[in-house]
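Hi,

Here is the structure for you to look over. My notes follow below it.

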Amino acid sequence: MMHKLLRACALGLGSLALPANAPAQAEVIRFETLESAPAFQGRSFEGTGPYLRITGRATIAVDPADPRNAVIADIDRAPRNAQGRVEAMADVVLLRPADPARGNGTLLVDVPNRGRKLAPQLFDDAAQPGANRAEQDADAGIGFLHRQGYSMAWIGWQADIPSRPLQLALQAPTLTGVTGPSRDEFLFDHLRNPVTATLSWPIADPASLRVTVRGHWSEPRQTPEGLAIRATGDRTVEITRPASGFDAGALYEVTYTARDPIVTGLGFAAMRDVAAFLRREGGPENPLAHQGRPTVQRAIGFGVSQSGRFLRDFLWLGFNEDTSGRMVFDGLMPHVAGARRMATNYRFGHPGRNARHPQDPAWQADLGPFTYATMQDPITGRRDGLMLRCRLNATCPRVMQTDSEHEWWASRASLLVTDFEGHHIELPPDVRAYMIAGTPHYAGPAETVRRAPTMALPVNPMDAGPPMRALLVAMQDWLAEGVEPPASRVPMRAHGTLVEAAQAVPVNIPGLPYAGLFTGAAFSDQSVFPPKLIGEYPVFVPLADADGMSIAGIRMLPLAVPRASYTGWNPRAEGHGAGTLFPLQGAVAPFAATRADRMAANDPRPSLAERYADDAAYVEAVRQAAARMVAERLLLREDAARAAERAASGRLAQLGQ
């Protein structure tokens, strides 16, 4: 056992602390178990049995002199404890088999997204808010993760949000009295006036507040008559908008002098240290240990959207090496992160920031490196890559990056597989990339087509759960058995499936007006305020077939045997910034029922009657396509059976019919 223990103190169900003379590599100095109770009302899962839900807090103490920690912005300014360490406290929630011997030996760390748990929704088809609670029987959904035997952890890392029920956070030091420039950008999607907005950081001087407006980031910032701003609280402002000249999709940028930044980069250290502790510590202070030994042999880091970008930065900054020089995560699965990073490890950073198509690209989250291989950037002259640091100390995990199709339109995902000049590159052998074609950024399994006044087209409801379950099984097999996963499935320049936007999609499909909209990529000078755009990188998008759907990627059954066209893009509606993409969404355009209907609509896409002789033929086509996907290890047998049932009942296409 790594540490000798003090007596448990009476906090919650127990609190165990490490002695003051613990070894230097012991970064978790205290783990407090606040609650331990049966999960899901005691529901038992085939092959694994019931689960326990454990709620706790982990206190870390980071040595600023350790080179592994020196990368944390402002770590040298943070207050220290008596041992010269910088402390932070992370909320932790665990799920583990009640009988540890029935687990699969893998710890799945689902990095919280703005404090929330998303893996249960994606992998288990669990509905929110129950997926975030894990209390009721139904909160486990189909119970996929539990039947597989995973131990699961959620570790609070985001220090700019509060810790509260169902929201995991990190309590990190504040640099009281430190001030500096900050900015926020708002797109309100309504015309109410005036409007209240919340800033990212406290205002040091209300007189420093400035506001500008523009219709699109590429346009000049303006200060028209009638535009005004005033502070209404520590972090809140009231913006009075001009009476005319700008629609609901206009961009309002607020600049100000901020104060009291938090050392938000400690979130990476918290994830590293707590994950390493849960994985390797064998003593009773670790809720995942049993009979003096750890119960997990490997760990997978998984994150959705913001959390996927967190994992890309976690890797790039070198945090997959723990303070004893060991690998933290054997596998990483960043989901819907595109080629973006995040703005967490900066003074007055923006952990939640992710600029969308009409918004300013000159944020730290949009800087390189973009891909895993190490390359020379011709604009900056810098040679870098997401795996540069881990290659130097043999702590590189196996990586599966999964993206919706939306990320290839809105988050420059082409930069995963192209160099800075737009040429094809191969991914490293320990990296796979998969685009789930025809999907929005994120959607639930029960969603159906809907309309929204802010979007020009019907909203794509396609859920990515089935292929994600298959890929998680492939990752487990890769780590535990050494079985190579399926080859990457993404658009590529070398395959002719990654192209200039102007030639990507047919323009003659009724209901899918295509204008070649996508988010570009740029390098910005962050040493000036506001940052200045210096240069741009070429970005490409997926080539579509005659139905308007991507040729490359994992084509789920609703695309392989379609009843509609599904896209990863959806333009903004008139009055809401028309001519730009709506964030996070895709579109859907159902096929005509008969040839006569499509001819009347000038629709070049074959009708349903032309594609399928009858409903039975459609269901049989689904079964055959499902069998092919199972053979390719891109679909599980249980999901193939569910898909056939959904096809027979008319629910597979998620069209709400």
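A definition to start: two strands count as paired if DSSP finds at least two bridges between them. Keep in mind that this is a predicted model.

The sheet. Three strands form an open sheet in the order β8-β13-β10, with antiparallel pairing. The edges are β8 (179-186) and β10 (210-214), and each of these pairs on one side only. Direction ignored, neighbouring strands are turned by 20 degrees against each other on average. Strand β13 covers residues 251-259, and five bridges join β10 to β13. In one of the pairings, valine 213 has tyrosine 252 of β13 as its bridge partner.

The cores. The largest nonpolar core has 154 residues. Ile239 and Leu266 touch the most other members. Helix α4 (residues 266-280) gives the most to this core, nine residues. A separate core of 16 residues includes Trp409, Val499, Ala504 and Leu517. In general, nonpolar side chains tend to be buried together in soluble globular proteins.

Isoleucine 239. Leaving aside neighbours within four places in sequence, isoleucine 239 is in contact with residues including Phe188, Val211, Leu227 and Ile229. Tyr252, the partner of valine 213, is also among the contacts of isoleucine 239.

Proline 112. Proline 112 sits in the loop between β5 (106-111) and α1 (119-124). Proline 112 counts as buried because its relative accessibility is 1%, and the cut-off is under 20%. Beyond four places in sequence, its contacts include Trp154, Trp157, Leu168, Met271 and Gln306. Isoleucine 300 is 188 residues from proline 112 in sequence, and 14 Å from it in space, C-alpha to C-alpha.

Best wishes

Definitions and conventions:
Residues numbered from 1 in each chain as written. Predicted model: local features only at pLDDT ≥ 70, side-chain atom pairs only at ≥ 80, totals over all residues. Heavy atoms only, no water. Helix = DSSP H or I, 4+ residues; strand = E, 2+ residues; numbered from the N terminus. Buried < 20%, exposed > 50% of the residue type's maximum accessible area, 1.4 Å probe, protein only. Contact = heavy atoms within 4.5 Å. Core = buried A, V, L, I, M, F, W, Y, C linked by side-chain atoms within 4.5 Å. Axes fitted to C-alpha atoms, helices over the stretch in contact; angles between N-to-C directions.
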